[in-house]
Amino acid sequence: MILAIETSCDETCAAVCTVDGRLLSSVVASQIADHAAFGGVVPEIASRRHLELLGPAVATALAEAGVRDDQLTRVAVTVGPGLIGALLVGVSYAKGYAFARGLPLVAVDHLQGHVASLQLADEPPVGAHLVLLASGGHTLLIDVDDEGRLTTIARSLDDAAGEAFDKGARLLGLGYPGGPALAALAGRADPTARAFTTPLQGREDLAFSFSGLKTALALAVQRLADGDSTARSELAAAYQEAIVDHLLERAALGLVSTDRTTLGLVGGVAANARLRERLGEVQATVAMAPLTVCGDNAAMIAIASRSLLPLSPPRMAALDAHARSPLG
Ligand code: KG4
Ligand code: ZN
């Protein structure tokens with residue numbers, strides 16, 4: 001039995017899965033209410049809330065799984081990337097927990113965790129595949145080879161896709177987190193009525209960019225007549241559509257350049273209904289992370305830890321958190 005802990009941003013998470021990858025419980029204690037008033041995540045508040053929420057989250061995860069701590073065979077924890085203070089709460093807790101019980105500890109990269117969330121899909125990808133990871137902190141194309149080795153082949157030149165949703169939502173006067181709010185405002189509005197140009201069109205290099213789109217939205221919002229709710233919805237729909245177009249275009253280019261025939265979709269933005277609906281347009285077999293594990297969670301950390309070796313005792317004692325990832 002594996003106990004996994006994830007505290008990289010504003011969700012305090014604990015999960016239990018079996019060594020063969022059956023998920024028994026996944027607890028996500030959201031801190032959204034603590035940060036909403038500030039319009040975004042406040043790192044100091046996140047660390048303090050993780051301290052309060054993590055012990056109860058672990059107890060609930062074990063109880064829901066019906067597993068006692070003496071039945072655990074390993075502890076897994078996210079070591080980065082993320083907010084360093086937030087990560088350190090999870091890493092320190094996991095170290096103490098593992099040391100006290102003589103359990104092996106596995107250090108997991110958060111991005112590798114998102115990639116592993118595909119294993120929880122109804123039909124997980126088989127063999128080598130390409131993954132589109134779109135979250136609040138990253139927009140990446142990650143190649144997964146036959147041996148499960150990960151190589152990042154595309155990154156964003158500026159903002160991440162989730163950040164673009166969050167900033168767009170703020171421009172439209174919506175709350176945090178912006179992704180679901182902007183998607184709700186877009187609703188079924190016509191995305192072509194006020195269309196934006198898709199970023200980096202005509203460029204064949206594998207990079208993402210969202211900051212120009214955000215500026216275009218800011219200008220369009222300035223020109224908007226007060227109280228024109230149809231126009232606001234159309235702008236939200238057009239903005240979402242341009243993000244989705246860009247993600248799908250780059251994913252298609254990535255498939256060609258890697259010769260992969262399966263595309264996986266993971267990360268917080270993978271919960272976007274329009275993106276999920278349009279993923280089928282890509283010429284590939286597609287696999288999507290289940291909605292329950294698109295946003296940050298410890299289930300994906302537990303699953304990812306299965307293919308990793310535990311730290312040796314000296315490395316376990318020295319384990320540190322890191323804000324950046326080699327994959328990011
Ligand atoms: O993976 P995640 O939970 O955290 C990071 O690792 O960053 O992703 C959070 C991001 C936020 O930017 C949020 O606005 C976005 O995912 N998001 C969405 C939706 N749900 C969450 N974006 C678009 N549509 C959604 N339904
Ligand atoms: Zn994440």
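Lys167, Gly168 and Leu171 in helix 5 meet Lys214, Leu217, Ala218 and Val221 in helix 7 (contact means heavy atoms within 4.5 Å; helices are DSSP runs of H or I, at least four residues, numbered from the N terminus). This is a predicted model: local features need pLDDT of at least 70, side-chain atom pairs count only at pLDDT 80 or more, and totals for chains, interfaces and linings use all residues. Residues are numbered from 1 along each chain as its sequence is written, and side-chain values use heavy atoms, without hydrogens and water.

**Helix packing**
- Helix 5 (residues 161-171) and helix 7 (residues 211-222) pack at about 10°, with axes 10 Å apart (axes are lines fitted to C-alpha atoms over the stretch in contact; angles run from 0 to 180 degrees between N-to-C directions).
- Helix 5 is therefore roughly parallel to helix 7 (angles under 35 degrees).
- The contact of helix 5 with helix 7 has four nonpolar, one polar and two charged residues (Ala, Val, Leu, Ile, Met, Phe, Trp, Tyr, Cys and Pro are nonpolar; Asp, Glu, Lys and Arg are charged; the others, Gly among them, are polar).

**Second largest pocket**
- The second largest pocket holds about 370 Å³ of space (on a 1 Å grid, a pocket is an open set of points where a 1.4 Å probe fits, with protein on both sides within 12 Å along at least five of seven lines; lining residues have an atom within 4 Å of a point; volume is the space filled by probe spheres set on the points).
- Its lining has 18 residues; Ala116, Gln119, Val144, Gly148 and Ser307 lie nearest the centre.
- Helix 4 gives the most to this lining, three residues.
- Domain 1 (2-115 + 294-318) and domain 2 (126-288) both line the pocket, so it lies between them (bounds come from an automatic or database domain assignment).

Technical notes: Chains lettered and ligands numbered in written order. Helix = DSSP H or I, 4+ residues; strand = E, 2+ residues; numbered from the N terminus. Parallel < 35°, antiparallel > 145°, perpendicular 65-115°, else oblique.
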